[in-house]
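Good morning, colleagues. Please look at the structure first.

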Amino acid sequence: MIKQGERMTYSGEDQKYLIGAILNGYDKGLLRPEDFTFIEFQKIKEAIDRGCCEDEIAKHAGITISRINSLKKSCKDMSSVRSVAGQLIEENKRSYIKNLMNNIWPVKEQLSAEEMIKELQEVSKIQFTNSVQIGNAILDLKNKEKLKALPTPFQTLNKKTGGGLLQGNLITIAARPGDGKTALALQSAKHIANLGMKVLYISLEMLAHELAARLIVSESNLKQSDLMKHEISDISEFEQAENKIKDMPLFISKEGRVFEDIYRETIREQPALVVIDSVNLVKSRGESERVRILNITRNIKQMAIETNIPVLMVAQLNREAEEKALPTMADIKESGSIEEDSDVVLILSTFHEYSSIEKLADKTGKTYIERKEFDEIQKRGSKVIVGAIRKNRNGETGLMFMEFNASKFTFRELDLDGVPY
């Protein structure tokens, strides 16, 4: 095992240690198959990324179950996994650049810039263009990995968006304070992290320990107010909840006051999902609030496209939205660029009275929730929240009816078939 601070090598022992850690369930999104230089380990990582069981992993990599068990035993102490993985990635980059420069350096000085780019393309196989030939684009449509979506905990949203949060997409959740936009974003992040995919949660409204308290509360009967006062009524229940979430690949960052921080954290962490809570608190230069938000959302959308990582962004609604049963995109603060740059816009609003549901039913001819169920939800101290999918660039719009338990910061979907809208 190498020690922190030492130079990483391509030794089999180092890479065996890392693949052993991943087989043992450590942060499956930490490394990519191509980060390993041994084909056996690349094959193992490919199978893990597809969600294969151990028998399928062994078959894909051409190895036995006993070999998998042996690799697992090679990583008994996981305390150095992250630093070792970082050094492996760094060494891979250094080696690639070094080989590239060694091949390019002899290029004759009299070559034009265009000729040098052609030479570089031949050597490095890098495409120095943003263009994609249409045939390759069609191949991408056939490739499930290229169009992979991160599933959310909400079946209606997954169904209407083609599986969940699509790679390279900007998804906006907008609501008034108290209607659960952070809770829904955090619940989605937790769900995806529980699937073994790395999530970078950039929190500009809450501290990391406050979000941790919410996660503990969502998995227990403990109260957030007690946790924040260090008053744990049931330590056993706390520890059970802690064990469910403590090893999730969910990373909370407060480094997002400006877009450059968000971009830098995203490139450094290489997550499967980025959550920004909230866009209204990200700073940027601009003559007005409208120009500031425009610059931010354009940059975030470009980052999503460039990195092929979905970005889940939280935004505020204007006060006027409180007067409407179903707010529109025009009710999002500085909505112009958010509406334009987002691929999906989900707007949350609370139905305080059953009459609001009756009016909607009269308008659409569909009964959404029976009065009895509505009353029972309110008796439990929960809210009926409607999520209106107001924009969906690659799918259908529609409504999601949910029960929001504000004391546990959790949503429960009420209509799994989705509601035409």
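A salt bridge here is a side-chain nitrogen of Lys or Arg within 4 Å of a carboxyl oxygen of Asp or Glu. Over the whole structure, the search finds 22 salt bridges.

Before the individual cases, a word on the source. This is a predicted model, in which local features need pLDDT of at least 70 and side-chain atom pairs count only at pLDDT 80 or more, while totals for chains, interfaces and linings use all residues. Residues are numbered from 1 along each chain as its sequence is written, and side-chain values use heavy atoms, with hydrogens and water left out.

Let me begin with Glu 54 and Lys 72, whose salt bridge has its closest N and O atoms 2.3 Å apart. This pair links distant parts of the chain, 18 residues apart: Glu 54 belongs to helix H3 (residues 54-61) and Lys 72 to helix H4 (residues 65-73). Helices (H or I, at least four residues) and strands (E, at least two) are DSSP runs, numbered from the N terminus. For accessibility, buried means under 20% relative accessible area, exposed over 50%, and partly exposed in between (1.4 Å probe, protein chains only). Glu 54 counts as partly exposed because its relative accessibility is 29%, and Lys 72 is partly exposed at 21%.

On a 1 Å grid over the protein atoms alone, a cavity is a set of points where a 1.4 Å probe fits but cannot get out, and a pocket is an open set with protein on both sides within 12 Å along at least five of seven lines; lining residues have an atom within 4 Å of a point. Grid points are joined across faces, edges and corners, and a volume is the space filled by probe spheres set on the points.

How many cavities of 30 Å³ or more does the search find? There are 2. The largest cavity has a volume of about 50 Å³, and strand S3 (170-175) and helix H9 (181-194) each supply at least two residues of its lining. That lining divides into 7 nonpolar, 2 polar and no charged residues. In this count Ala, Val, Leu, Ile, Met, Phe, Trp, Tyr, Cys and Pro are nonpolar, Asp, Glu, Lys and Arg are charged, and the others, Gly among them, are polar. The second largest cavity, of about 30 Å³, is lined by 2 nonpolar, 5 polar and no charged residues.

Finally, the loop residue. Asn 280 lies in the loop between strand S6 (273-277) and helix H14 (289-307), and it counts as buried because its relative accessibility is 14%. Between Asn 280 and Lys 333 there are 53 residues of sequence separation and 8.2 Å in space, C-alpha to C-alpha. A polar atom of the Asn 280 side chain lies 3.0 Å from the backbone nitrogen of Gln 316.

Definitions and conventions:
Polar contact = N/O pair within 3.5 Å; in protein donor to acceptor, adjacent residues only side chain to side chain.
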